[in-house]
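These are my notebook entries on one structure. I looked up the ligand site, the sheets and the backbone geometry in turn.

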Amino acid sequence: MNSFADVPAMIAACGASSGKVYLVGAGPGDPELLTLRAARLLAQAQAVVYDNLVGPEVLALIHPAAQRIYVGKERSRHTMAQEDINALLVRLAGEGLSVVRLKGGDPFIFGRGGEELQVLAAHGVPFEVVPGITAACGAASYAGIPLTHRDYAQSCLFVTGHLKEGGGEMDWAALARPHQTLAIYMGLSMLPSICVRLVESGLSPCMPAAAIEQGTLPGQRVIAATLSTLAAEVAAAGLRSPCLTVVGEVVRLRDQLAWFDAPAMQPRESNLAFTTGA
Ligand code: SAH
């Protein structure tokens with residue numbers, strides 16, 4: 001069933017029972033959006049395995065003596081293959097360590113968290129999951145775009161725009177329904193064709209649509225346009241990953257509700273300073 005036939009024996013040999021993996025969501029970027037539980041686990045873990053969407057302020061919460069292992073995870077620059085990450089987690093837990101597997105946003109939303117846990121489960125490694133604020137919630141909030149609103153959208157779909165080569169075509173008819181918001185992850189490179197397909201499938205070319213780069217971070221940039229203009233505006237502005245696209249009437253509300261990228265954002269009073277009890 002998996003490619004780690006020798007791993008269970010290895011784990012048994014070194015007594016895996018004391019190790020544990022915590023699959024933790026780091027939130028969308030702003031370190032203050034980390035959960036208290038995530039911060040506490042980072043301060044206590046003996047090993048932290050993290051990817052590129054996790055920022056330095058969150059990593060600063062890791063206990064100084066803990067092993068930090070960067071495994072990358074960028075579309076074009078996979079630092080470590082998924083199979084190797086899975087094997088690493090099994091090995092660290094097999095050494096009896098308390099391991100945090102730290103992922104951007106929420107680990108169960110386009111984060112392959114489920115796949116990693118399936119491997120841990122298959123090898124009898126105990127685990128827990130700590131949810132995080134997913135990019136759609138974080139970036140939309142900081143862009144002043146409510147994902148639902150009684151006047152505009154009764155549902156919101158989280159979809160990936162990163163289509164597998166030759167694999168599963170999107171259900172465009174379902175995406176083009178009215179009174180619905182689309183939050184499109186990983187769609188930057190496909191943005192022109194996504195906008196075209198949505199219009200071909202029935203959405204108005206004038207449907208509001210926004211792209212949010214580096215949502216919740218100080219460098220956040222938001223382009224609010226329409227399905228017919230968004231791709232060109234995003235290209236002209238040179239937006240780069242990580243970038244989330246929001247499509248729907250709710251994008252109009254940004255005119256009234258934008259608050260974070262207003263020029264004179266006030267500094268925060270509090271800083272992350274948790275008592276961990278460690
Ligand atoms: N598990 C993550 C998603 C990982 S997929 C989560 O729950 O958020 C990576 C995609 O998430 C990026 O390509 C981008 O579309 C989106 N993303 C992550 N962080 C983001 C941010 N700060 N701003 C905008 N989009 C972001």
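How many bridges join E6 to strand E7, and in which sense do they run? I counted six bridges between E6 and strand E7 (residues 180–185), and the two run parallel. Before going further I recorded that this is a predicted model, in which local features need pLDDT of at least 70 and side-chain atom pairs count only at pLDDT 80 or more, while totals for chains, interfaces and linings use all residues. Residues are numbered from 1 along each chain as its sequence is written, and side-chain values use heavy atoms, with hydrogens and water left out.

**Entry: the mixed sheet**

E6 and E7 belong to an open sheet of five strands in the order E6-E7-E10-E8-E9, with mixed pairing. I noted strand E6 (155–160) and strand E9 (221–226) as its edge strands, each pairing on one side only. The twist averages 15 degrees from one strand to the next; the angles are taken between lines fitted to C-alpha atoms, in N-to-C directions, and run from 0 to 180 degrees.

**Entry: the parallel sheet**

A further five strands form an open sheet in the order E3-E2-E4-E1-E5, and here the pairing is parallel. Strand E3 (67–70) and strand E5 (127–130) stand at the edges with a single partner strand each, so one side of each has no neighbour in the sheet. I traced strand E1 (residues 20–25) to E5 and found four bridges in the parallel sense. Val21 stands opposite Phe127 in E5.

**Entry: the ligand**

I listed 17 residues around the ligand, the closest being Asp106, Ile109, Thr134, Gly215 and Cys243; a residue is included if one of its heavy atoms lies within 4 Å. The shell divides into eleven nonpolar, five polar and one charged residue; Ala, Val, Leu, Ile, Met, Phe, Trp, Tyr, Cys and Pro count as nonpolar, Asp, Glu, Lys and Arg as charged, and the others, Gly among them, as polar.

Where does the ligand lie relative to domain 1 and domain 2? Domain 1 (4–133) and domain 2 (136–257) both give residues to the shell, so the ligand lies between them.

I then checked backbone N or O atoms. Such an atom of Met186 lies 2.8 Å from an oxygen atom of the ligand, and one of Cys243 also lies 2.8 Å from a ligand oxygen atom.

**Entry: backbone geometry**

The peptide bond from Ser241 to Pro242 is cis, with omega near 0 degrees. I placed Pro242 in the loop between helix H9 (230–237) and strand E10 (243–247). Arg112 has a positive phi of about 60 degrees although it is not a glycine.

Technical notes. Polar contact = N/O pair within 3.5 Å; in protein donor to acceptor, adjacent residues only side chain to side chain. Domains from an automatic or database assignment. Pairing = 2+ DSSP bridges.
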